[in-house]
Each structure stands twice: as structure tokens, then as C-alpha cells.
Amino acid sequence: MNAPLTRTDWSAAGAAELADTIALRRAIHAEPEIGNDCPKTTAKLKAALAGLPLEIHDSRSTTGFVAILRGGRSGQGSNMRTVLLRGDMDALPMSEETGLDFASTIPGAMHACGHDAHSAMLVGAAKALCARKDAIPGTIVFMFQPGEEGHHGARCMIEDGLLDIARPEAAFALHISPNAPAGVFVGKEGPLLASTDTVLATINGKGGHAAMPHDAIDPIPVACEIVGAFQSFIARRIPVADPAVLTITQIHAGSSHNIIPDQVKLMGTLRTLSESTRATMRAAFHRITTDIASAHGCTAETDIDEGYPVTFCDPRATEMMRGIAGELSGEHGWSQMPAPMMGGEDFSYVLREVPGAMAFIGVAAPESDHRTNPPLHNTRMTIDERLMAKGIAMHCSLAARFLERGFD
């Protein structure tokens, strides 16, 4: 048991935990919970961890928790390290249409983003690593967090002080992908996912009869001009190598076909891959909206609901994941993402505090065409549960490698 952890056959350890991991994932899948309040899911996870040599520390503001494993070799030197592994647990507000025997029993809620698998895989890794506690030369923090789908669960847990109980020096997370080849890990160094701000604007004009617009100040064409100006600004002022996406998804105005409204409301999303471009776009959103409105005799108010930061992967941590992917899945076990994705992820809050990385694991059935599978956030999204064994092995390998070697 005192042999180096890095010599452990983690693929075999992952396979040994698979049956229990599938059962746990299915139990979570059948009772999805949304947001930061996921008591049933938390209870299932804690029950699965019961009896293990773990310190449990609960979040005050969410139903999340951390489980801390202090290895048997932790006290054998001043250079002992601490590593964090994250699994999220919340679901999405959508109705499931998979037809699975263990499909959601909760109307309007579904695990369509794989968080049931993420948390179940992390439990499997915790069990495998706890079985080797005496050989662990440091501390492992298992972070089980709710509220990833827009509710800032990771930020809440950080604000609750849960990262300070055993301050990690590296952090890792996995996210399933039904559109990546079976068992292949996908990632990149640097920006992996975008920041995610919600933008809102109100353009105030003067209502009147639609047949006599000269007696009114019509805010609708002003709003249309503003939306077009956003895209012109991005095309001409934002470098293509440091991109931004500003998409207006809602326009609300009017009550009848023959009435010019007093007001138009716009709502949308702003995505960037750097804090500098994020700041530029936030300022531009306000300036373009208010200045164009003023030019037409309207007034405008803007608001930005701050979302997740950019998910930035440390090159050393990404290289560690790449190397382990090759060990677990062969020479084609890692696929380099050619560019970041403009989706967001609140693991970014952890990576803002601690160097680390996140990668996707392909969970398409080997016999399926991963390119045409229902994607994440789809009512028919499914996974090949057998591939969770590789996720468990990756978690364990990352913890073992970092505790033994650091970012060497």
C-alpha cells in the first residue's frame, strides 16, 4: 500500500467502481434538482461516501460540500501538496424525452448536461482513492457543487470559505461530451470557455398613433439600429484573435399593431475570452445604446448582470491531462480543441483562485456517430455509462500525479 500512487492501475480501479457509479448516476438522474438547492442529490452523494475516511464540510449558502481526504503520508514532509477535484450536481429546467427506464420523474427538470455523471464519477474516484489512503502523500479535496447552470454555485462555495479549509495548489474538472469520440479527452490550454454576462437595455421614446409617427418618438427603429451597431462594433473594433459575441435574444415592445410604444426592452448575452475584451464590450454596450438613443431623441438605461469569468486552463495542468489521456486511452486518447468554445462554466471561479484545467470526456457509444448524437442541453441527450470508468481513472490519475510530482 506504500508504493507510489502513480504506479496504480487506475483503469482497473475505475472499472472496479463502475457498477456502483452507474447505480448512483441513475438515482441522481431520476430525481434532478435545479440551482443551488439540491438536497436530495446531496443526500445521495453523502450516502455513497458514508464510511470513507473523509472530512465533510458543508456550504452555508448552498447544498454543496467538500469531502477532504488527508493521505496517510501527509505528515511525512513539508512539501506535501493539496489537489482539488470538482463535480457539479445540478440539472436543467427542461423536460426529458430520452425514454430511459431511469428518466427524470420531476416534471420540467432533466440532467441534460451530464452533471449526474460528473458527481457520480467523482464519488467513484473518492472511493478508489480512499482505498489507497495509506499511500497518498498529501490531501485531496473533492468538491461537490450545485448551481453550475447559471447560479454561481462555485463562487458561493468559495465565498463560504470552503477552498480555505485545505487550500489546493491545483484543481481539475471533467465534463462529459456526447459529441466527442468514445473515451477521448478533449481540451486545450489557455481560454477554454467564455465569460457569460447577461446584457439588458431599455430605450425610452414617446408613444403615439402608428399612423402618425411624426407626433411620437418611436423607440423601435432606434432599438433596431442599436442591435445592428453592436455587430458593426464587434466586426471593426474587436480583434478576431480575441473575439466577442454579443447576441440580442429578446426584444419586448408594444401592445397593438397601431400603437407606437413608449419603450423597448432588449436582452441578450455577451461572451468574451479575455477580461480586457470583456471590459471593452461592457463599455461599448452602454455607450452605443445611450448615444444612439440620444441621437434620436430617446433616453436609455443599461444593465449588465455579471456572469462567469473566462475558464482559463493552466498549460502545465493541461499538459498533465493530455499525458494521462494517452496512458488511459492510447495515442489518440487526447483531442486538442482548435479553438475555445463560447459557452461558459463556473469552474472558472475555482481556476481564478487555483491553477488547473478542465477537459471534456467523450461519452458517445462506440457504435454510434458522435457527430450526430443529441448534444448537451438537448431533451434526448444520453451517454454511454461504461465510459464513466475512464472519467474515474482520469480523476484518480490526476490526483496521484499531482500529489507525487506537482507540475514538474
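In which sense do β5 and strand β16 pair, and over how many bridges? Select both strands in this predicted model: β5 and β16 (residues 356–362) pair in the parallel sense, over seven bridges. Within this pairing, Ala-173 stands opposite Met-358 of β16.

Now colour β5 (residues 170–177) by accessibility. Eight of its eight residues are buried. In a regular strand the side chains alternate between the two faces of the sheet. In β5 both faces are covered: one side carries Ala-170, Phe-172, Leu-174 and Ile-176, and the other carries Ala-171, Ala-173, His-175 and Ser-177.

**The nonpolar cores**

Phe-172 leads on to the largest nonpolar core, which has 90 residues. Phe-172 is among the residues with the most contacts inside this core, together with Trp-10, Leu-129, Ile-140, Phe-142 and Phe-144. Helix α10 (residues 388–405) gives the most to this core, namely eleven residues. In soluble globular proteins, nonpolar side chains tend to be buried together.

Centre the view on Leu-129. Leaving aside residues up to four places away in sequence, Leu-129 touches Trp-10, Leu-69, Leu-85, Ile-136, Ile-140, Phe-142, Cys-396 and Ala-399. A second, separate core has 25 residues, including Ile-226, Met-281, Phe-285 and Ala-293.

Select Ala-15, which is found in helix α1 (residues 10–16). Ala-15 is partly exposed, with a relative accessibility of 46%.

**The hairpin of β1 and β2**

Strands β1 (residues 55–58) and β2 (residues 65–70) run antiparallel and are joined by four bridges. A hairpin of six residues connects β1 to β2. Asp-58 stands opposite Phe-65 of β2.

**Two serines in loops**

Is Ser-104 buried or exposed? This residue lies in the loop between β3 (81–88) and α4 (115–130), and Ser-104 counts as buried because its relative accessibility is 19%, below the cut-off of 20%. A polar atom of the Ser-104 side chain lies 2.7 Å from the backbone oxygen of Ala-109. Among the residues that Ser-104 touches are His-29, Ala-30, Pro-32 and Glu-96.

Move to Ser-274, in the loop between β12 (263–272) and α7 (275–295). Ser-274 is likewise buried, at a relative accessible area of 16%. A polar atom of its side chain lies 3.1 Å from the backbone nitrogen of Thr-277. Not counting residues up to four places away in sequence, Ser-274 touches Asp-242 and Val-310.

**Helix α8, end to end**

Finally, select helix α8 (residues 315–329), which has 15 residues and spans 21 Å from its first C-alpha to its last, close to the 21 Å expected. Its buried residues are Ala-317, Thr-318, Met-320, Met-321, Ile-324, Ala-325 and Leu-328. Viewed down the axis of α8, these buried residues fall within an arc of 155°, so they line one face of the helix.

At the start of α8, a side-chain oxygen of Asp-314 comes to within 2.8 Å of the backbone nitrogen of Arg-316. Just after α8, Gly-330 has a positive phi of about 85°.

Notes. Residues are numbered from 1 along each chain as its sequence is written. This is a predicted model: local features need pLDDT of at least 70, side-chain atom pairs count only at pLDDT 80 or more; totals for chains, interfaces and linings use all residues. Side-chain values use heavy atoms; hydrogens and water are left out. The expected span of a helix is 1.5 Å times one less than its number of residues. Buried means under 20% relative accessible area, exposed over 50%, partly exposed in between (1.4 Å probe, protein chains only). The arc is that of the directions from the helix axis to the C-beta atoms. A polar contact is a pair of N or O atoms within 3.5 Å; within protein, one must be able to donate a hydrogen and the other to accept it, and residues adjacent in sequence count only if both atoms are side-chain atoms. Contact means heavy atoms within 4.5 Å. Two strands pair if DSSP finds at least two bridges between them. A nonpolar core is a set of buried Ala, Val, Leu, Ile, Met, Phe, Trp, Tyr and Cys residues joined through side-chain atoms within 4.5 Å.
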